Amino acid sequence: MRIVIAQMKHETNTFSPVPTPLARFARAGDMPLAGGEAIAEYRGTGSAIGAFIELAEQSQAEIVLPIAANAPPSGPVDQTAYELIAQRICAAVADGCDAVLLDLHGAMVTERFDDGEGELLRRLREIAPKVPIGVALDMHTNLFGAMVEHADVLAGYQTYPHVDMHGTGLRAGRAILAMLRGQARPTVAWGNRRMLPHVMRQSSLDAPNRAIQARARAIEREGALAATVFVGFPHADIENAGLSAVVVTDADPVQARRWCDELLDMAWHARADFVYRPEPLQASMARARELAAHTQGAPVVLLDHYDNCASGGTMDTMAVLGAMLEAGLENAAAFAVFDPDAVQAMTAAGEGAELTLDLGGKTDMPALGLRGEPRRVTGTVRRLSDGEFRIEGPMARGERASMGPCAVLEVGGIEIAVISRHVEPFDIGALKTVGIDPRCKRFLMLKSRVHWRAGLGAYAGAVVECAGVGVCTSDYATLRFERVRRPIFPLELDAPPV
Ligand SMILES: [Zn+2]
């Protein structure tokens, strides 16, 4: 038995000015991994592709792995990058195989296609109409009909922070293996609702998503091969952005439809609870100070959630960090500012050196009508690092991560991590690598929204969500939606469900 396993992951923020060339999909250098190197890289990790490798090896199948391409979220994918990745996967399938297992994100927009995944699956179906295709997807999938039409099994994460990537790979992969053995005949139902849940209200640790995801898991215990509710990724101005669901049953389309509608109705009824109301930044600073008096030494986490690189943020806006400096917060750390030039300057100066530089703000944000605004700071270089680490987990456990060369600049009472590749702080490894111990800090600024809770949530004494500046703003009023289907809640509060 021969199984093609491949990865093509990107969450596209159509408002993001951060480019997405092929090199962004690579671990190092310009080309994503492939073949034995990719198998060695992902075997045993907490990823969906890791689960596919595990299942294939248990089945003594021959694995063909044409490409493992995973880029941090950013603007629309360069068409040449997309075509290369898709072509590699199509060529491997054209050579002949018994099944295809794909680790996709499900919100890829390219220069030409609003539904990059649907287009890939359409091409694969054309090449191999009868070969079973199983797909693992992120909870932030913006689902299109083409994805469902051209795959046999789709399973998405049921947690946010995403700590079940591996389990999702198992759900999709096992159903495909059962199909190959003639033990299952998957049927799929899908649908969506006219709603754009705010990302800050999507965590599966809290209401309303906790109960919705619990119900999806219960439906699998009741017999579905896979049941998924996608909260969707709202920072993509494409027709099908927003909430959707897909349920796969064994030869029971009526039950698949019934369960799918139940999940969609549950989400629709909770739509008001998916609305997020930001707090003015100055109020957040005052609240952070107050809270710090009552956390028994545990840090107050300040979330710069408008500028999360794992939602396409430039990771270099300085509004929240600036407010912290102006508020004179002491014994604080900030992770991180993306600024390769600043890292170079600090590296040249060396540890212990004092220097003045224009930090961050190097990227304009045309979608918001904003220019990048660096902040002139004077500080001491505390630490230099190569930025390489292995993720401890629970999210993406065992995977390698690279922040590129990085440095810590101490300005006033704040240790500021400055990095050269976009990495969201969702793992303690990111902080350890630059020598920041969150347990010793009173304030910890993170450019993150929800994923930080995976590896850093346990350290927080309190959390303050800070409305800064950035292309993953939680204030929909600052974004120009032109292509998403309208009406849609909460852009139109009286939107109908379908
Ligand atoms: Zn996601």
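How do the axes of helix H2 (residues 48-58) and helix H6 (residues 165-180) cross, and within what distance do they come? They cross at roughly 40 degrees and come within 7 Å. The model is predicted: local features need pLDDT of at least 70, side-chain atom pairs count only at pLDDT 80 or more, and totals for chains, interfaces and linings use all residues. Residues are numbered from 1 along each chain as its sequence is written.

**View 1. Helix H2 against helix H6.** The crossing angle is roughly 40 degrees. H2 is therefore oblique to H6 (angles under 35 degrees count as roughly parallel, over 145 as roughly antiparallel, 65 to 115 as roughly perpendicular and the rest as oblique). Axes are lines fitted to C-alpha atoms, for helices over the stretch in contact, and angles run from 0 to 180 degrees between N-to-C directions. From H2, Ala-48, Ile-49, Gly-50, Ala-51, Phe-52 and Leu-55 take part. They meet Met-165, His-166, Thr-168, Gly-169, Leu-170, Gly-173, Arg-174 and Leu-177 of H6. Contact requires C-beta atoms, placed from the backbone, within 7 Å. The contact residues of H2 and H6 divide into eight nonpolar, five polar and one charged (Ala, Val, Leu, Ile, Met, Phe, Trp, Tyr, Cys and Pro count as nonpolar, Asp, Glu, Lys and Arg as charged, and the others, Gly among them, as polar).

**View 2. Helix H3 beside helix H4.** Helix H3 (residues 79-94) packs on helix H4 (residues 116-127) at about 25 degrees, with the axes 10 Å apart. That angle makes H3 roughly parallel to H4. H3 supplies Tyr-82, Ala-86, Ile-89, Cys-90, Val-93 and Ala-94. H4 supplies Gly-116, Leu-120, Arg-123, Leu-124 and Ile-127. Nine of the contact residues are nonpolar, one is polar and one is charged.

**View 3. Strands E5 and E6.** Strand E5 (residues 133-137) runs parallel to E6, joined by four bridges (strands pair if DSSP finds at least two bridges between them). Ala-136 stands opposite Ala-155 in E6. E6 (residues 153-156) is covered on both faces. Val-153 and Ala-155 are buried on one side, Leu-154 and Gly-156 on the other.

**View 4. Around Leu-137.** Leu-137 lies in strand E5. Leu-137 counts as buried because it has 27 C-beta neighbours inside 10 Å (20 or more make a residue buried, 12 or fewer exposed, in between partly exposed; C-beta atoms are placed from the backbone). Leaving aside neighbours within four places in sequence, Leu-137 is in contact with Leu-104, His-105, Gly-106, Leu-154 and Gly-156. Gly-167 lies 30 residues from Leu-137 in sequence and 11 Å away, C-alpha to C-alpha.

Key
Helix = DSSP H or I, 4+ residues; strand = E, 2+ residues; numbered from the N terminus. Contact = placed C-beta atoms within 7 Å.
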